[in-house]
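Biologist: I have a structure to go through with you. Start with the overall fold, and I will ask as we go.

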Amino acid sequence: MNLRNWDEKEWLARFRQEDSRNAAFRELIQLFQGQLYAQVRRMSISHQDCDDILQETFIKAWTKLEYFREESRISTWLYRIALNETINLLNKNKKKLSWDANEFAAPLDSGFTTVEGDELVEKLKQAIELLPPKQKAIFCYRYFDEMPYAEIAQIMGVTEGALKASYHHAAQKIETILTKN
Amino acid sequence: MEPNKHTAPEVEKFPTLESLRGTLHLPAPSPAYQTQFENQVMQSIALRANSTKSNKRLAPIIISFTWFSVAAACFLLTFHFNPEEGRAIFTDNEYTLMVEELTQASEIEIQEWFSEAQPTIQDEEIINELSEYDVYAE
């Protein structure tokens, strides 16, 4: 099962039935865990915090799916929960959090593989870390995932115009840091 | 959402940033971690569901007890305690009944009641103590 042939309505129907609820939810985790992990992790979140955020995201999804009004896609709704959890954590632990370069230089305990980056890539990581939480989210959605503005707007609940301006400012800040000696 | 389906032309204005596109890779979760994570989430959901069930069982008891306490406090405050005088008072009904009993009782019975009502040493101590606070000053 992958996202391309995933039928959201059929899935919701299975989730709403008591006997198939657990299996359906496991399927949802399998489908979205990787994407959500990448999105949360890119926002300067350590592996452990990312793991906690995703657990909380899926638990909230389980409890709130009963009341899901189908006004947006489930993926958008999941991203919104994860984003809110991430921003809460970033605001709570502004000083504590850092995108630890060592985590990228050596494999993590959980079995993740990493790619070594050169000096410029390191600068890029540091520059992203300097962005305020919401701007960081917008930048990551757009730069890494190439997500359409319309979808980001749905996730974040802001206008496309505001998003474009925010993305431009973020990119400008990062470019300035990257081109500095 | 399908990754890499949409391009981000805005970045073209930032050559250094564009040149770095695709260089910053995040490690993908391993299948073992994915399974472990999935099990953890399902376990947490089951635990929270159980805790919610037990909370739901306890809720009526807690609510009943709270209402009972509030009702008892209201009753005591309204009918049996005058905060200005700081001591118990009789309601009108109780007072009427007492007067009726006294008027119907024989003199001997009344004397017996009064002798029983003589303050003990302990009562006197309490009265003395209270008088220091002007409660019995009148």
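Modeller: Read along the sequence, chain B has the pattern α-α-α-α-α. This is a predicted model, so local features need pLDDT of at least 70 and side-chain atom pairs count only at pLDDT 80 or more, while totals for chains, interfaces and linings use all residues. Residues are numbered from 1 along each chain as its sequence is written, chains are lettered from A and ligands numbered from 1 in the order in which they are written, and side-chain values use heavy atoms, leaving out hydrogens and water.

Biologist: How many helices and strands in chain B?

Modeller: Chain B comes to 5 helices and 0 strands. Both are DSSP runs numbered from the N terminus: helices are H or I with at least four residues, strands are E with at least two.

Biologist: And what is the secondary structure of chain A?

Modeller: Chain A has 9 helices and 0 strands, in the order α-α-α-α-α-α-α-α-α.

Biologist: What share of the residues of chain A count as buried?

Modeller: Of the 181 residues of chain A, 55% are buried. For chain B, the figure is 16% of 138 residues. Buried means under 20% relative accessible area, exposed over 50%, and partly exposed in between, using a 1.4 Å probe and protein chains only.

Biologist: What do residues 24 or more positions apart account for in the contacts of chain A?

Modeller: They make up 67% of the chain A contacts with a separation of 6 or more. A contact is heavy atoms within 4.5 Å.

Biologist: Take helix α7 of chain A. How many of its residues are buried?

Modeller: 10 of the 11 residues in α7(A) are buried. Among them are A:P133, A:K136, A:A137, A:C140 and A:Y141.

Biologist: What covers the buried residues of α7(A)?

Modeller: The cover includes α2, α4, α6 (119-129), α8 (149-156) and α9 of chain A, together with α1 (15-19) of chain B.

Biologist: At what angle do α7 and α9 of chain A pack?

Modeller: Helix α7 (residues 133-143) and helix α9 (residues 160-179) of chain A pack at about 90 degrees, with axes 9 Å apart. The axes are lines fitted to C-alpha atoms, for helices over the stretch in contact, and angles run from 0 to 180 degrees between N-to-C directions. The two helices are therefore roughly perpendicular; under 35 degrees counts as roughly parallel, over 145 as roughly antiparallel, 65 to 115 as roughly perpendicular and the rest as oblique.

Biologist: Which residues make the contact?

Modeller: From α7(A) there are A:Q135, A:I138, A:F139, A:R142 and A:Y143. The α9(A) side includes A:L163, A:Y167, A:A170 and A:I174. The contact residues divide into 8 nonpolar, 3 polar and 2 charged. Here Ala, Val, Leu, Ile, Met, Phe, Trp, Tyr, Cys and Pro are nonpolar, Asp, Glu, Lys and Arg charged, and the others, Gly among them, polar.

Biologist: Different topic. How many aromatic pairs over all chains?

Modeller: The structure holds 16. Rings of Phe, Tyr and Trp (its six-membered ring) pair if their centres lie within 6.5 Å; planes under 30 degrees apart are stacked, over 60 edge-to-face, the rest tilted. A:F25 and A:W62 are an edge-to-face pair, 5.1 Å centre to centre with 90 degrees between the planes. A:F25 lies in α2 of chain A and A:W62 in α3 of chain A, so the pair ties together parts 37 residues apart in sequence.

Biologist: Are those two buried or exposed?

Modeller: A:F25 is buried, and so is A:W62. In chain B, the ring centres of B:Y33 and B:F37 are 6.1 Å apart and their planes at 35 degrees, so that pair is tilted. B:Y33 and B:F37 are 4 residues apart in α2 (residues 31-80) of chain B, about one helical turn. Both are buried.

Biologist: Which residues form one aromatic cluster?

Modeller: The cluster is A:W6, A:W11, A:F15, A:F25, A:F32, A:Y37, A:F58, A:W62, B:Y33 and B:F37.

Biologist: What is A:A24 in contact with?

Modeller: Leaving aside neighbours within four places in sequence, A:A24 contacts A:W11, A:R14 and A:F15. A:A24 lies in α2 (residues 21-41) of chain A and is buried, with a relative accessible area of 0%.

Biologist: And A:S72, where is that found?

Modeller: A:S72 sits in the loop between α3 and α4 (74-92) of chain A. A:S72 is buried at 15% relative accessible area and touches A:E8, A:W77, A:R80 and A:Q154, not counting residues up to four places away in sequence.
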